[in-house]
There are 2 protein chains.
Amino acid sequence: MFVSNIRHALNVKRADDFAQWYQEVISAADLAEESGVRGCMVIKPWGYGIWERIQRLLDDRIKNTGHDNCYFPIFIPLANFEREAEHVDGFAKEMAVVTHHRLIQDQKGKLVPDPAAKLEEPLVVRPTSETIIGDAMARWVQSWRDLPLKTNQWANVVRWEMRTRMFLRTSEFLWQEGHTAHADAAEAKEHTLRMLEVYRACAEEDLAMPVIAGEKPENERFPGAVETWSIEAMMQDGKALQAGTSHYLGTNFAEASGIRYQDPEGSQQLCHTTSWGVSTRMIGGVIMTHGDDDGLRVPPTIAPRQVVILPMLRGKEGDDALIEYCQSLHDQLAKQSAFGERLRVLLDTRPGKAAAKRWDYVRKGAPVIIEVGGRDMDNDVVSLLRRDQMWAENGKPDFQTPTREEAANGMQELLYAIQANLFQQAKERRDANIRTDITDIEGLKEHFADTAVHPGWVQVAWSKPTGADLDAVVETLKDMKLTVRNVPMDDTPTTGACIFTGAPAVERIYVAKAY
Amino acid sequence: MFVSNIRHALNVKRADDFAQWYQEVISAADLAEESGVRGCMVIKPWGYGIWERIQRLLDDRIKNTGHDNCYFPIFIPLANFEREAEHVDGFAKEMAVVTHHRLIQDQKGKLVPDPAAKLEEPLVVRPTSETIIGDAMARWVQSWRDLPLKTNQWANVVRWEMRTRMFLRTSEFLWQEGHTAHADAAEAKEHTLRMLEVYRACAEEDLAMPVIAGEKPENERFPGAVETWSIEAMMQDGKALQAGTSHYLGTNFAEASGIRYQDPEGSQQLCHTTSWGVSTRMIGGVIMTHGDDDGLRVPPTIAPRQVVILPMLRGKEGDDALIEYCQSLHDQLAKQSAFGERLRVLLDTRPGKAAAKRWDYVRKGAPVIIEVGGRDMDNDVVSLLRRDQMWAENGKPDFQTPTREEAANGMQELLYAIQANLFQQAKERRDANIRTDITDIEGLKEHFADTAVHPGWVQVAWSKPTGADLDAVVETLKDMKLTVRNVPMDDTPTTGACIFTGAPAVERIYVAKAY
């Protein structure tokens with residue numbers, strides 16, 4: 001096989017300008033684009049295909065923990081927000097408000113909202129659904145026998161963000177939001193952690209993205225929550241990405257919506273509720289965890305196509321035989337399964353040079369790319385490239401040339417190996433870039449000011465300050481453009497002094513720059 | 001087995017008050033409920049489970065015709081609507097308009113839209129996405145090589161309806177909308193019909209709902225379309241339900257959005273576009289096609305649970321053995337497949353009387369209900385009820401008592417038989433209630449005025465009037481509360497005079513009351 005030597009890398013390297021690199025990957029892999037509507041993106045087939053895979057896998061995990069999917073209204077009356085003060089404080093600044101239900105043409109023929117069709121009470125486009133689902137729960141829960149009540153919905157939500165960035169922060173985004181009601185605090189807290197574990201498993205097993213699961217400090221809680229837990233992933237630039245959150249809401253929303261049950265003794269009790277969500281932001285995490293200077297690398301579990309077969313067509317005699325040879329490989333592969341589902345295989349017979357087409361799929365990050373030329377066919381072999389380790393030491397693409405039979409029989413194992421390798425690479429990088437030995441603020445400053453070292457995360461001793469003490473810590477960190485992330489669940493008891501307050505430390509918390 | 005004799009039918013029979021019966025089925029089967037937000041419903045687990053099945057099956061059909069899923073913004077700038085005059089005329093009266101992006105508290109502490117956060121240009125919550133997807137197509141299509149462009153999205157849309165009815169007409173609803181661009185009219189028209197055929201197959205094969213596929217008359221076209229085709233289903237009260245539409249849009253939207261391509265000769269050409277959609281309205285169709293006086297009947301293809309197993313628990317010794325016996329049947333069934341997927345089987349071991357639980361699933365319309373009592377277990381049999389023909393001639397539930405092995409081995413075949421039977425019942429009823437022998441308006445009036453006969457549909461000779469002539473026909477029909485539905489695709493050439501205009505007929509059209 002003729003192997004093109006040209007390296008069609010991206011224009012921007014990760015090391016040179018990570019933010020710019022991120023934008024270029026999205027465009028080079030054809031994941032999404034700006035829509036022209038403020039803060040909203042268009043998710044294109046390859047990007048949406050990744051989301052469909054994430055949805056399917058996570059939906060199974062959510063159903064396996066006993067949740068049913070429902071669908072609740074996109075519009076929320078203002079009165080719903082007025083009932084939970086912290087909640088409205090958290091969201092009022094970024095809500096899209098519907099005030100009219102009709103358009104008319106003005107005197108110049110321009111479309112304007114019809115003043116005669118003004119809503120008596122404006123409606124908000126949901127930024128999250130605690131209050132509207134709370135209303136439903138109040139109708140559905142009567143007795144302790146109705147508990148626990150476990151629901152989930154897949155939906156779009158809107159938060160009017162001032163600075164947007166595709167997948168990471170957009171005015172409209174897609175997500176799932178789970179909402180449950182329980183008889184008591186213990187069960188609700190246990191469920192909050194169970195769903196956090198579902199998210200950890202989804203991130204690490206489905207997305208090959210290592211995360212730290214832990215509790216957020218008070219200042220980072222969801223508006224209205226008693227406890228907020230998160231999974232945090234380290235991006236290649238060292239910044240933290242909050243990839244999912246799970247909230248124990250206490251009885252705050254139950255009080256606001258009147259979610260009460262009669263206990264076995266006949267008294268009325270307030271429910272304890274939880275909520276938890278992950279969104280299309282996950283795709284931003286995948287890009288910044290697995291992408292390289294050639295484009296995206298998609299873990300096989302969530303790749304819209306796991307194997308792409310490219311016959312090197314010449315536009316002349318022999319093409320038909322080549323396509324037939326490739327089709328037979330395609331059919332052999334498409335019958336197989338991995339990760340509990342049929343392999344997703346694409347045979348691309350569009351016109352165009354094979355090397356150019358190969359680079360399309362390199363940029364898109366298809367896990368396995370197979371090229372087949374006339375000589376390959378004559379020798380009954382194929383040329384196979386692993387996207388996760390595509391360069392040989394000599395600087396050329398590291399094509400393997402198994403027989404067609406070997407390629408077909410070994411594909412399942414290869415995909416598992418790629419999945420494991422992507423996770424391993426990300427985990428090693430993450431673990432190598434966590435410092436635990438910094439014990440004072442000066443040390444923190446020096447570390448994050450040193451451009452010669454990878455910034456990564458620093459885990460510091462922490463006295464769990466609250467109120468004004470916590471505000472002071474947040475301010476100190478803000479000056480360094482840092483934030484507190486979470487206290488890992490598996491944290492061991494800590495001694496020593498809090499790096500911020502000097503008080504005796506009770507736990508260790510991650511500090512990092514963040515998205 | 002003890003078979004309870006009590007017939008827990010609904011309060012309202014179809015024959016007495018069909019509209020009231022429809023509402024009662026939705027509530028008795030726990031499909032959905034009013035949300036408290038104007039015109040919006042909450043879709044509950046059993047209803048949403050049906051939608052998930054429809055989505056999965058239809059999504060496969062849409063992907064198999066070469067479409068990729070994308071996601072486009074929920075907000076559409078007003079300027080987009082101004083470009084296509086007919087389109088805006090059709091939708092302006094029912095649009096939800098976002099005018100502000102922040103809430104503040106007024107002096108009384110009430111939340112109000114912040115006057116300082118008024119949008120320069122209001123945004124509409126999409127009622128349909130031709131104009132916003134048109135913008136994307138204009139970016140994506142450059143050359144004839146980019147065509148055909150075939151996209152689809154699953155989304156929520158909002159049309160501010162004044163009179164709403166769950167599933168049939170709600171302000172927010174869920175749907176898929178497909179949008180394609182083609183090089184010429186012939187290909188675009190062919191695709192319009194291909195997707196109509198996809199809808200026909202989905203309705204008839206997946207929903208067991210017989211439909212007539214045909215072209216809508218000019219007055220019923222989608223705003224901005226050149227041709228609109230529909231599938232029309234007859235509900236049990238004889239009314240027509242438009243269950244899906246497919247539109248050939250000509251170059252109207254291509255002109256409005258600037259969707260142009262360079263042809264092989266190098267000249268710029270306008271694309272011809274299509275769009276087509278089906279929605280949660282389909283579920284309303286399923287209810288009114290298959291429901292009976294005991295509740296819903298769900299076709300096995302789309303039933304969230306196809307088989308429900310109810311051990312007759314006594315709350316004492318022996319229950320464990322009974323559950324184990326049922327679990328083994330459950331496991332045998334859950335390994336099997338039908339309609340290309342694993343069987344969906346529920347073993348319900350909740351406390352409660354078996355007969356009461358049975359009636360829950362009768363009302364929900366689970367296709368097969370299996371009850372197992374201690375004596376059944378001793379005899380190694382089960383008591384099996386087909387929901388589609390549940391009453392014996394003696395007025396008792398028609399339980400069969402196969403051995404457990406027979407029940408397990410025969411389940412696949414039984415589900416196919418139920419699916420076929422539901423379709424057959426609906427088709428026979430539909431065909432029996434179409435009249436083709438009415439040749440004048442008086443006859444039409446008499447037929448629909450006669451309360452002793454099933455109103456059904458009347459197919460009449462028609463001269464395909466347009467403009468003012470068509471308006472006159474629509475007025476005539478409106479007085480009788482009738483509408484023209486569609487001209488079936490398989491219509492044979494027609495002779496005679498148009499029942500409305502007296503001019504020579506060119507085709508035959510269906511006339512009916514409609515939802």
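Student: Is B:Arg53 buried or exposed?

Tutor: B:Arg53 is buried, at a relative accessible area of 10%; buried means under 20%, exposed over 50% and partly exposed in between, using a 1.4 Å probe and protein chains only. This is a predicted model, in which local features need pLDDT of at least 70 and side-chain atom pairs count only at pLDDT 80 or more, while totals for chains, interfaces and linings use all residues. Side-chain values use heavy atoms, without hydrogens and water, residues are numbered from 1 along each chain as its sequence is written, and chains are lettered from A and ligands numbered from 1 in the order in which they are written.

Student: Which residue forms a salt bridge with B:Arg53?

Tutor: B:Glu341 does, with 2.2 Å between the closest N and O atoms. A salt bridge is a side-chain nitrogen of Lys or Arg within 4 Å of a carboxyl oxygen of Asp or Glu.

Student: Why does the pair tie together parts that are apart in sequence?

Tutor: B:Glu341 lies in strand β19 (residues 341-342) of chain B and B:Arg53 in helix α2 of chain B, so the parts they join are 288 residues apart in sequence. Helices (H or I, at least four residues) and strands (E, at least two) are DSSP runs, numbered from the N terminus.

Student: Changing topic, what does A:Glu52 meet in a salt bridge?

Tutor: The side chain of A:Glu52 meets that of B:Lys63, at 3.0 Å from N to O. This pair crosses between chains, linking helix α2 (residues 45-64) of chain A to helix α2 (residues 45-64) of chain B.

Student: And how many salt bridges does the structure hold?

Tutor: Over all chains, the structure holds 63 salt bridges.
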